[in-house]
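This briefing covers a predicted model. The points below are grouped by topic and can be followed alongside the structure.

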Amino acid sequence: MSAREEILGRVRTALRDVPAVETPADVAVDRPGPRPTTRDDAADVVELFAERVADYKATVVRCTPEDLPTHLASALDGVPRLLVPADLPEDLRPADAILDEQLTTAELDTVDGVLTTAALGIADTGTIVLDHGPGQGRRAATLVPDRHVCVVRADQVVADVASAVARLDPARPLTWISGPSATSDIELDRVEGVHGPRTLIVLLVG
Amino acid sequence: MSATFLGTPAFPTAARTALADTQLRRNLAHATGTIRAKRAAVVGEVDEWERLRLAGAALKDRTLRHLDTYLAQLEESLTRAGATVHWARDAAEANRIVVDVARRHGTDEVVKVKSMATQEIGLNEALEAAGIHAWETDLAELIVQLGDDLPSHILVPAIHRNRSEVREIFLREMGRYGKAAPRDLTDTPAELAAAARAHLREKFLRAKVAVSGANFAVAETGTLAVVESEGNGRMCLTLPEVLVSVVGIEKLVPTWADLDVFLQLLPRSSTGERMNPYTSMWTGVTPGDGPQEVHVVLLDNGRTDVLADEVGRQALRCIRCSACLNVCPVYERTGGHSYGSVYPGPIGAILTPMLRGVGHDTQLDSLPYASSLCGACFEVCPVRIDIPEVLVHLRTKVVDAHRGEPKVQNLAMKAASWAFADARRTAAAERISGAVGKVLRGTKRRAPGGRGVLGALPGPAAAWSDARDVPVPAQESFRAWWARTDGGRTEQQNGNGGAK
């Protein structure tokens, strides 16, 4: 018998007490649903997002579309070699940026920072989510460089985790980022900055 | 680097050693106290926490009660997404599958994301035996591996080490396996983390094959999720060409939408954060992004035995948050090593004996007793595993498994059963007991309330009296007193100690 058949057989034997007529839906699940954002509380949700992202030691800069270029320039200060996804919108892309056209891992390790957009933000948890679609680059691009500058539009911010899951497409690779990389492995003393980008700057536009 | 839990003595003996280690107790008290406070603060922020816990428990029950259906569905979703699915009945089979994948790619090293399942099956040792180095990349796992040590906590396996111990290990060992630690390394956690970053980066950039576990596997979509903090997970899940994930069959959740409940429960219960720094989710192979060859090993290794136990089944809801360790008064004092298992603490005390079976190993049989049954573990468990209920259930199983063995307790019970089965025998036993009481009535030791107590009993009974006072037997039995005084009606009112 194959391992597959044997394991499935053991599972069925183990579950002899479950009535044959029972379906998964018969096991009732009552869960809190997504908290939709209304016109009235949209500003509060964005404010909470900014607070919570900053809580985890990321730098949050709120700005209007008009003054974005100025803030972008200062976020990228001290990044001599900047990587951008090849499909990053032109108006965000600094002139001397390096386009990620499938750089090797070793080449990625020689850039100093990366600039991307995001799929959405979650206010409750201070999380930005990348689905690695247009403007967000492949997964390695936002991982190997030491600084990640991420542009999030205020209308991309949802209130809670349930709303985020409802909007995301699981067929895409997803990276949820809540602050810069961190560890609490030594005496549970939190240290920001281990393997991922040690600096995370979120430019929150609008 | 091949420390093992094999040969750990039974819990009471191991605990005694741990309790005598004052450094260990200081490290543990500090760490568990810190994380308890963090968890309480972020759980307090969630208005509907109890409803979330109920939903988490119900979703896991739904999965477990229909696990065959969901396993088949997961296999189909994964295959459709370009992953290769393997099934492993036990540790040896799982290890063989991973070793074969590594060999096929001609590599002599793999990078690893922290994973309880791969520790449970001893994958690192199996890889080493096949000539393949397994580099642990989680900071705490690295500390444990470099120190030739054993993990002592599910979330922070090096919780028993303090910063100066970590510094010494890094200075002494890093150079033997790759980039050495800087000679002027201090013991500040930031510097120690930077040393780990430098040491591991060359391994991340070089590795062809990575091995991970998974926190969740979505049956509906074939999506796997890994939650982590440091970015070592992202490195392993993204940079190598080949990824092998060893996933226990209890890790399934039915649908994509169900993940939201667990992504809220896990980080707050585990690290005491609203959300952990990084969560990676992937569904098979994504062209041009990440590993282009993806394997998933579905692991049984005793889980179907746990599933077959209708009381113990709930332990398979566990999402490995470790909140129960941090609140446990026994864990806080004895640490993880005393449990002799990769799963320590309250959850380990039920999961380990069920995965490996009770009745055949003294160490395993001692684990259900490693608890005061205070219930704190049940209160914090994000998926409401009633650990005390399962502990008591397992104690019954342990006792049942040893019924009829010639132990002092069994002999005493047999004798009592014989004596109490017949009124004349009982009366004779009472007379003997009364005579003993008369002889010993002058004993000096007194229990609270004034009754005389004996010191240590002789012979094998000493084990019982070690921690208990043995009362001096009454000089007269209740039945004898009743017969003599006509139920107290004829007793002298000035009698000594009689009924009123």
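Chain B brings 76 residues into contact with 61 residues of chain A. Helix α3 (residues 49-65) of chain B gives the most to the side of chain B that touches chain A, with nine residues. Counted by type, that side of chain B holds 39 nonpolar, 20 polar and 17 charged residues.

**Strand pairing between the chains**

- Strand β9 (residues 174-177) of chain A pairs with strand β9 (residues 278-283) of chain B.
- The two strands run in the antiparallel sense, and four bridges join them.
- Within this pairing, A:Thr175 stands opposite B:Ser280 in β9(B).

**Helix α3 of chain B and its packing on α12**

- Helix α3(B), which gives nine residues to the side touching chain A, also packs against helix α12 (residues 259-270) of chain B.
- The axes of α3(B) and α12(B) are 10 Å apart, and the angle between the helices is about 120°.
- At that angle α3(B) and α12(B) are therefore oblique to each other, and their crossing is left-handed.
- From α3(B), the residues in this contact are B:Leu52, B:Arg53, B:Ala55, B:Gly56 and B:Leu59.
- They meet B:Val261, B:Phe262, B:Gln264 and B:Leu265 in α12(B).
- The residues of the contact of α3(B) with α12(B) comprise six nonpolar, two polar and one charged.

**Helices α16 and α19 of chain B**

- Helix α16 (residues 345-356) and helix α19 (residues 387-401) of chain B have axes that come within 10 Å and cross at roughly 40°.
- That angle makes α16(B) oblique to α19(B).
- The crossing of α16(B) and α19(B) is left-handed.
- On the α16(B) side, the contact is made by B:Pro346, B:Ile347, B:Ala349, B:Ile350 and B:Pro353.
- On the α19(B) side, B:Ile387, B:Val390, B:Leu391 and B:Leu394 take part.
- The residues of this contact are nine nonpolar, with no polar and no charged ones.

**The six-stranded sheet of chain A**

- Chain A has an open sheet of six strands in the order β1-β12-β7-β4-β2-β3, with parallel pairing.
- Strands β1 (59-63) and β3 (98-100) of chain A stand at the edges; each has a single partner strand, so one side of each is left without a neighbour in the sheet.
- From one strand to the next, the twist averages 25°.
- Inside the sheet, strand β2 (residues 82-85) and strand β4 (residues 113-117) of chain A run parallel and are joined by two bridges.
- A:Leu82 has A:Gly113 in β4(A) as its bridge partner.

**Helices on the sheet of chain A**

- Helix α2 (residues 42-55) of chain A packs on the sheet and touches β1 and β12 (199-205) of chain A.
- The direction of α2(A) makes about 155° with that of β1(A).
- Helix α3 (residues 68-75) of chain A lies across β1, β7 (147-153) and β12 of chain A.
- Helix α3(A) runs at about 180° to β12(A).

**Domains of chain B**

- The domain assignment of chain B gives domain 1 (43-304) and domain 2 (408-485).
- The C-alpha centres of domain 1 and domain 2 of chain B lie 58 Å apart.

Definitions and conventions: Residues numbered from 1 in each chain as written. Chains lettered and ligands numbered in written order. Predicted model: local features only at pLDDT ≥ 70, side-chain atom pairs only at ≥ 80, totals over all residues. Domains from an automatic or database assignment. Axes fitted to C-alpha atoms, helices over the stretch in contact; angles between N-to-C directions. Parallel < 35°, antiparallel > 145°, perpendicular 65-115°, else oblique. Left-handed = near helix turned anticlockwise from the far one by under 90°. Contact = placed C-beta atoms within 7 Å. Nonpolar A, V, L, I, M, F, W, Y, C, P; charged D, E, K, R; others polar. Pairing = 2+ DSSP bridges.
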